[in-house]
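The stops below are given in the order of selection.

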Amino acid sequence: MAIYIDRPIWAGHGRMWSHLVSDVSFDELHLFAARIGVPRGAFERDHYDLPAERYDDAVRAGAVEVGSKELVRRLTAAGLRRPKHRPAPES
């Protein structure tokens, strides 16, 4: 049971981004994100988008650093992966 984060290598809106996921539940992910001050609006289907300047905050709070492929593997193995063609669960 952990929260995982990949390196901020994803470009968008003039910034670099990481993804924050849980391998347990969306509730665990939402609680972790709220604890470090990430707005709920940053949640997208199955992950939070986290700007590069917040990466260290997440790691200090306990997020485990993994590569992007490992992050998706863990998310999928947990049954929490929500591709674009599947709607996000109500929460």
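Select strand β3, residues 15-22; strands here are DSSP runs of E with at least two residues, numbered from the N terminus. Six of the eight residues of β3 are buried, so the strand is mostly covered (buried means under 20% relative accessible area, exposed over 50%, partly exposed in between, with a 1.4 Å probe and protein chains only). This is a predicted model, in which local features need pLDDT of at least 70, side-chain atom pairs count only at pLDDT 80 or more, and totals for chains, interfaces and linings use all residues. Residues are numbered from 1 along each chain as its sequence is written, and side-chain values use heavy atoms, with hydrogens and water left out.

Isoleucine 3 has serine 22 of β3 as its bridge partner.

Now select strand β5, residues 47-51: four bridges pair it with β3 in the antiparallel sense. Here histidine 19 faces aspartate 49 of β5 as its opposite residue.

Move to strand β2, residues 10-12, paired antiparallel with β3 over three bridges. The two strands form a hairpin with two residues between them, and histidine 13 in the turn has a positive phi of about 55°. Alanine 11 stands opposite methionine 16.

Finish on methionine 16. Is it buried or partly exposed? Methionine 16 is partly exposed, at a relative accessible area of 35%.

Methods. Two strands pair if DSSP finds at least two bridges between them.
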